[in-house]
Structures are given as structure tokens and as C-alpha cells.
There are 2 protein chains.
Amino acid sequence: MSGTKASLKPFFEPKTVAIIGASRETRKPGHVILRNFLEREFRGKVYPVNPKTEEIAGLRCYASVKDLPDEIDLAVIATPAKAVVQVMQECAEKKTKAAVIISSGFGELGPDGKKREDEIREIAENIGIRVIGPNCIGIYDAYTGVDTLFLPRYRLARPTKGNISFTSQSGAFGVAMLDWAASLGVGISKFISYGNMVDVNEIDLLEYLKDDPTTKIVIMYLEQTADGRKLIDVVRQITPKKPVVAIKAGRTSEGARAASSHTGALAGSDLVYWGAFKQTGVVRAFDPEELMDFAIALGTQPPCMGNRIAIVTNGGGFGVMATDEIVRRKLRLAELSGTTKRYLHEKLPPYVSVENPVDLMGDSDAQRYATALDLTLKDPNVDGAVVIVLFQTPLLESGVVDTISEVATKYRKPITVCATGGDYVEIHRKMLERSYVPCYQTPERAARAMWALAFYGDYLKRLAEE
Amino acid sequence: MSGTKASLKPFFEPKTVAIIGASRETRKPGHVILRNFLEREFRGKVYPVNPKTEEIAGLRCYASVKDLPDEIDLAVIATPAKAVVQVMQECAEKKTKAAVIISSGFGELGPDGKKREDEIREIAENIGIRVIGPNCIGIYDAYTGVDTLFLPRYRLARPTKGNISFTSQSGAFGVAMLDWAASLGVGISKFISYGNMVDVNEIDLLEYLKDDPTTKIVIMYLEQTADGRKLIDVVRQITPKKPVVAIKAGRTSEGARAASSHTGALAGSDLVYWGAFKQTGVVRAFDPEELMDFAIALGTQPPCMGNRIAIVTNGGGFGVMATDEIVRRKLRLAELSGTTKRYLHEKLPPYVSVENPVDLMGDSDAQRYATALDLTLKDPNVDGAVVIVLFQTPLLESGVVDTISEVATKYRKPITVCATGGDYVEIHRKMLERSYVPCYQTPERAARAMWALAFYGDYLKRLAEE
């Protein structure tokens, strides 16, 4: 049915926006949202609507959508719940194309709220107006400036433009991750918190993101799905072109019970989701840290087209930890070719271990990394490399950052980096990430990110063989 | 045998220190170490020793230890490896009490180096001089200012004074963790990287830390042990008084192989270590992040004297994730008493879930947390609480930090906090940690930290029952 429905485009590229329930009080959602549209990227027209005031933030305020001098592409509704049905009727009369209902007080509160949701759904279906929400945070589009996040910028930083789009059933989870992404410098294309789903659900959103040109990777937070079969269908269309990373809360029966009391819906069996994810090439993250780590890796590195991983390190213990995690994730330590080992032996000091993990020792400089990485990634027995760089060691110049990003580009094989430490390391971690090389605080995280790249690579390989 | 050996005290509280191999070249270990002793806390006398120069950093430089006008408590040896045996002979003649040998080029390089180690061991045993190293980073004591870390401060930040002491077989692992601790504001009492162990090993160090008044918690990085039975014996003496957290690399057979090629020694079976850790109450960390997280939790919170955990959150999805991890770690969701639920219901808005996880909803303020946390921790069915605080939500005042730290003190039950996000959250995370409440980026990390507190609490309970 969603195939025949109107496009979601007005949500992301509206030319005219009405903020219904716009407010003069600075902490109210209707105020924060209005300011979001006025102060940032958004280039369309913005109309505040509120019958109780005549002017907000220097703009004339209208009593009703019906009074607006323009057609309205997108209505953002932030009124009290009891007013929403009437507002929706007025939006319908005005032939508004899309509405984001921020207001809470619906299905999540029980039967009365559920009845209101039914009325909204009926209006939406009759008129063909698309609805996101209610009880949601709505949309953030870094490219067009659509921003219904009603949390002030000093509390919730907005990420820069990027290639990751993110759908989240939970608003709280979504904004916490957005805020984290912003502080890491991870860019976002679109974020959508879709709340109670009277109309638009995760399946509609995935269908839209599938063809969205600024979306190169999709991440999603799920508690349950609107329709498992359709979800599988749409994901199967995306994953050959764009990686999808998903996190599903409610893995244990206790967690599933907590989830169903939280959303009022039944969380599906974890095994069913896991099976469906595997089958359709969805990379599963088990916690928010993995979700972030995997998104960064898949957004910057090519997929790993095999399971043979080289480890290059200047700290032996870290090499051991990376090995442990590589093996636990069912990847393999690459067996370096005789040629590679011979060259490594010739070009590196005699005390350097030329077995995998390649241990360059604590006195390594950037040149030693350049030699080892070049030889290792050139080796046909190696599909990808986990590189450990302890920046604390005295002879290691900052130029090692260029070394790593150069070699990553040269061989089109993926690299993930681990650099453990504090402020000095953080500077270099940012330098690496700006060179599109993902860099993590622990060897395990770097190894798991390589697993994500290999999981996706394996899926693409199996597709190609079919 | 180590019982009859001289104390390790001169390593940590020397009155006189000789830096042998002191250098005028700023990037050389012998220069950095000299400056460490001159520029910081250290209050004893410092003598540079180097036959090739007459003055370094304004101090007269001596040609040999034998020429020094004072008795020497601690010699720090940073000469080339081939000079070390003779230097040790001179230290022996001078009746130096302790030596840290930074120099590498010993057993880790093969038979020739091994022979040098044997010579050093013989000198040390004959004269009774205690030796840490060779091939190590040595010692950092935040209280006395002993600092043989030869990495400049701008690369390796030094942690402030604290109650955690840290022994590490791997120097690289040790300094990376120290640097990380410094950036997190986590304080350290003593750090010791002990390298090739010609004399002092992890067992000697644990024996010393057992009675060290500024050490309240011990963390250790192991690849293998000098003597499994003795290690168990000494740990068994510590854990009733001070928590011990350990990380052992080489969990998989591939990892163990990498470890043995790295250190030249056989890594023991992982299962044997795991069994020994469990039996002696050692909290096992599986990666550096857990090591850091558990150390912070055990260093600030009381042990959790049962497995019944309450979760209090303002984001439903995060409550579900915390539940999943609590259950996966074999803890239980506490069953709140009827009284608690009745009071929660009376005092909180009707839409707040008063089952565990207690979901205070996205419009929660600090007062709602105060009410919920007080009632929950007072409940005799609750042993500890994982508290999730999404600081992005608009009505939550910073004062929630005081609320949480107050209630943690009041009931003497442990609290771990999850606050996911970016810069604004980071400010509050630091506020919480300065109030001695551990705060983590993800719900899983907060739940696992609670597991560490419960593992240790369970060990103490079993000891008391014996």
C-alpha cells in the first residue's frame, strides 16, 4: 500500500513550513523548533501558528493554518495532544502535504490516546497527508535545515553534513546518538525519530533512504517492526547498494518485556531478527558503541572482501588483544606470504617481528609503519588491516597519520586503527578520522569494526556469486 | 624466597636518586627521566650520571655512580644495553638499594640478551639490590614524584593522585592506560611496568601494594605469571581488603601464540586464569575499556552486596538495553516491593512506569529522579541501581548530579550512571565523577560496571560466610 502513497519528500525538502503551536516561551518545543528553522540552513518560508499571540521572533503569527497566505508543504505540530485532531483537520483542509506531530499523549498512554491516534490516521488516509509521529522528536536534515528537534542546541549539538542516515523508534536514543555523533565530528544526512507510527514507519523511511543521494549508509534503532516481511523486502533492496547497521533492544526475555511495557507493542523474538539481519546483510550492532563504531567504519572504509586480517602494531600486548578479538569474531589472522616476510625482514630492523601480528616495537617511527603497511596490504593473502598506533612513544611523528591514510587509499583494502590514550592521542584520532580512517580507543573496538566491514563484504560476495 | 628479600620501598620513596645514562639530548630517555625528577613532586636529591658530559639541566654530572657524594637509594639505568652489566656492578659496589633498568636489548632479543640478564640477576642476588626491568617503562608514583616514564608529558599525560595502583607486564599497554586515565581525571597511586622481571615480578609488587596505604584498588595487566600458585596466594591476601581487577591478553589460542612470540614466554591457559581469578575474587576485565570502567566503579562505589538491580531512566530504550546487559551478566532485575511501587505511584505523574525499569519519561526533572532514586534504593529488595540520565531533555536541571550523589551516599548501595551524548553530557559526566559517581557513555558499560561491583560483593559475602 505504501507504494501508492504520496512521497516523503515534503518532510525533507519543504518549501513552506508551518510551526503549529509556536511559542514565545523559550523552553517550549514550539519555540525551539521555530528558531531551528529560522536560524540555520533552512531556505524556505516559515510560518508560526498560534491563536494566542500575534508575533513570535519578529514574525507575524497566524491563528490557524487556514489563515496562511501560502500552500504548506510541511506542518510541524507541537500543540497539546487534545488540540491535535482539530489541527490535523485544518491541515487537511489546507491540503498540507506532510505533518510531523511532536506532541505526546497518544497511544503510549492507553485507550483514550489510542482513539485520538485512530482519528488522526483516518484524516491522514482520507486526504493523503503523510504523518510522522505523534510522540516523536521528528526530523533533522543536515542538508536542507529541516530541524524539528525541540531540544536546544547547547544541550543537543547538531552533527555536520555527512553520509549517514539514521532512523530511530526511540526519540531519546536517537538524540543521544546524534549528540554523540556531533561531538565525534561524525556527519549525518537525515535523522528521523518516528514515534507512534500512525502513518510513516521504518519501512517507508528505508524505502525513501534507499534512493536518497546523500545517504550512503543507513543506521536504525528498532524495538519491533511494523511488518517483518516488508522490512526484509526493503532491506534486501538497500544492502546491495548501501550498508545498513541495526541495533535492536530487547535481546533477553526480560529486556523484551521491558520493551513491550515501554512501547505498548510486542518486541519480536531476538533470534528471528538476528536471522533476518544475517540473511539480508544487515550488520548487527549489540550496543550503542558498536552502532557508532560500525557506522564510522562502513561510512569511510571499503568493505573487507575476505576474512584474512593483518595486524600491525607498535605495542605487543595490544597486538595480542586485537588477535583475540579477531579470532573471537570468526575472522582469521592472515598468513603473510613468503615474499612479504622476506621484504619485511630486509627492510625493518632485525628485532621486529615479521609474523602476523607485525610488531614494529616501541621505537618505531612513521617510516617503519609506511614500510610494514605497504608490504602487508600489498600481500594477496591479506584482506584488511587492524593498525595499532601508540602515539605516546617518543619516536613516532604525527606524519604516521598521512602514512596510514595514503596506504589505505592505495590498496583499496580496509584499515581500522586503534590508538589508546588521552588528549595527545585524541588530536591524532581526529586527524585520522578527517582523513577517513576510523580510529578507536581500544584494540577490540578496532577489531570489531573490521568484523563489520568483513560481514558486509561477505554479504556482497555471496550476492555476486548468486 | 621473596619474603626474605629487601623491601621495595626504595623504589617508591627514595631519598636519593641517580639517573645513569642521563643525557643532554631532549628526546632521549635519560633526559626525560632526569627532568621528571627535577620538575615535579620529587623532593629527594637527584644525581645525573654520564661519563661524557659535565653538566645537565644545571646539575653537575658525575662520570660514575661510584663518584657520587651520597648513598643512593634508587638508580635509574637508561644506558645502552651493553653498558648495563658494568653499571650494575658499580651500583652494587656503591650499595645502591634498588635499580630500575629502562634499557632494552635483553631476553626479548634472544640468547645473548638472556645471558646479560643472567649476569644482572647474579649481581642483584649477591648484593641484595632489588631490580625492576630491564626492558620496562618503570615507575610512576603520583605521591612521591618518582617518575621513570621516559615519554614526554605532552605525549603521555600523568594522572593526578588517586587510590588506584596499576601493575603492567606490558609497558606500552601501561602508558596508554595511564594517559587515558589522566584525560578522564582518574587518579593513580602507583604505576609499575616491570618488563623482563630479572628480579621483581607481579607477585612482589602485589605483596607491596597489599599494605600500601594510598592503594585502595589494584589493577593488573598480565600475559603470563611468574608463579601461578604464589600469585593466587598473594591475591587471596589482598582481595578481602582491596578489590583487584585484572586483564589477561591471549584468551584465544591464536592470541596466546602471539603473546608468547611477543614476550618469549608461554601464556598460560585462559581457563586456568579465569578459574583462579573467580576463586580469589579477582574481577576480570575482558578489554581495556572494562579495565578502566571497573577500576573507576570499584574505586568510587561500595561493592554491591546482592544481585537485585533497579534501573531508573528517562529514556525507555536505554532502560531496555540496560536490562539486556544486566540479565546477560547473570544479575537480576529487582522486584520492587509493593510499598515502593505504591509510593512511586503516589508521588510521580500517572504516566510514569513504576515497574523496574522505572521509566521517568522524557519530561523528567531532577525532582522526579530524587523521588524515584530515594524510594528505589530504600527498598530492601534492591541491592544497587543503574541510573540512566539523558541530559539532552529540556526539563532536566544540572542539579540532578547532586541528587544522584546524595542518594548514593545516603543508602550505601552502589550506583552506576549512563549518560550518552556529546559535549554538554561530558560536562555533567565530569561533575558526577567528581562527586564519586561513575558515569559511562552507554547503558551496557554502566550495567557491566554494576556487574563488577556485584562480583566483588559476592566474593566478600562468601568470605564472610566461610
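Helices and strands here are DSSP runs, a helix having at least four residues and a strand at least two, and they are numbered from the N terminus. With that in hand, welcome to this structure, which is a predicted model.

**A threonine in a loop**

Thr442(A) sits in the loop that links β19 (439–440) to α16 of chain A. Is Thr442(A) buried or exposed? A residue counts as buried if 20 or more other C-beta atoms lie within 10 Å of its own. Thr442(A) has 24 other C-beta atoms within 10 Å, so Thr442(A) is buried.

Which residues does Thr442(A) touch, leaving aside its neighbours within four places in sequence? Its contacts are Cys418(A) and Thr420(A), together with Asp287(B), Pro288(B) and Glu289(B) of chain B. Val417(A) lies 25 residues from Thr442(A) in sequence, and their C-alpha atoms are 9.0 Å apart in space.

**Where the two chains meet**

The contact between the chains draws 65 residues from chain A and 65 residues from chain B. On the chain A side, at least two residues each come from α5 (171–184), α8 (253–263), α10 (288–300), α11 and α15 (423–434). Of these, α11(A) gives the largest share, with 10 residues. By kind, the chain A side divides into 29 nonpolar, 22 polar and 14 charged residues.

**Two helices packed together**

Helix α11 (residues 316–328) of chain A also packs against helix α16 (residues 443–465) of chain A, at an angle of about 40 degrees and with the axes 8 Å apart. The crossing of α11(A) and α16(A) is right-handed. From α11(A), the contact uses Phe318(A), Met321(A), Ala322(A), Glu325(A) and Ile326(A), while α16(A) brings Pro443(A), Glu444(A), Ala446(A), Ala447(A) and Arg448(A). Seven residues of this contact are nonpolar, none are polar and three are charged.

**An open sheet in chain A**

Chain A holds an open sheet of five strands in the order β2-β1-β5-β6-β7, with parallel pairing. β2 (45–49) and β7 (130–132) of chain A are the edge strands; each has a single partner strand, so one side of each has no neighbour in the sheet. From one strand to the next, the twist averages 20 degrees.

Inside this sheet, strand β5 (residues 74–77) of chain A runs parallel to strand β6 (residues 98–101) of chain A, and four bridges join them. Val76(A) has Val100(A) as its bridge partner in β6(A). Helix α2 (residues 29–39) of chain A lies across β1 (16–20), β2 and β5 of chain A and runs at about 160 degrees to β1(A).

**A strand with two partners in chain B**

Over in chain B, strand β9 (residues 161–168) is mostly covered, with six of its eight residues buried.

| Partner of β9(B) | Residues | Sense | Bridges |
|---|---|---|---|
| β10(B) | 188–193 | parallel | five |
| β11(B) | 217–222 | parallel | five |

Individual residues show how these strands line up. Thr167(B) has Ile192(B) of β10(B) as its bridge partner, and Ser165(B) stands opposite Val218(B) in β11(B). What kind of unit do β9(B), helix α5 (residues 171–184) of chain B and β10(B) make? Together they form a right-handed β-α-β unit.

Methods. Residues are numbered from 1 along each chain as its sequence is written. Chains are lettered from A and ligands numbered from 1 in the order in which they are written. This is a predicted model: local features need pLDDT of at least 70, side-chain atom pairs count only at pLDDT 80 or more; totals for chains, interfaces and linings use all residues. A residue is buried if 20 or more other C-beta atoms lie within 10 Å of its own, exposed if 12 or fewer, and partly exposed in between; C-beta atoms are placed from the backbone. Two strands pair if DSSP finds at least two bridges between them. A crossover is right-handed if, with the strands pointing away from the viewer, the path from the first strand over the helix to the second runs clockwise. Axes are lines fitted to C-alpha atoms, for helices over the stretch in contact, and angles run from 0 to 180 degrees between N-to-C directions. A crossing is left-handed if the near helix is turned anticlockwise from the far one by less than a right angle, and right-handed if clockwise. Two residues are in contact if their C-beta atoms, placed from the backbone, lie within 7 Å. Ala, Val, Leu, Ile, Met, Phe, Trp, Tyr, Cys and Pro count as nonpolar, Asp, Glu, Lys and Arg as charged, and the others, Gly among them, as polar.
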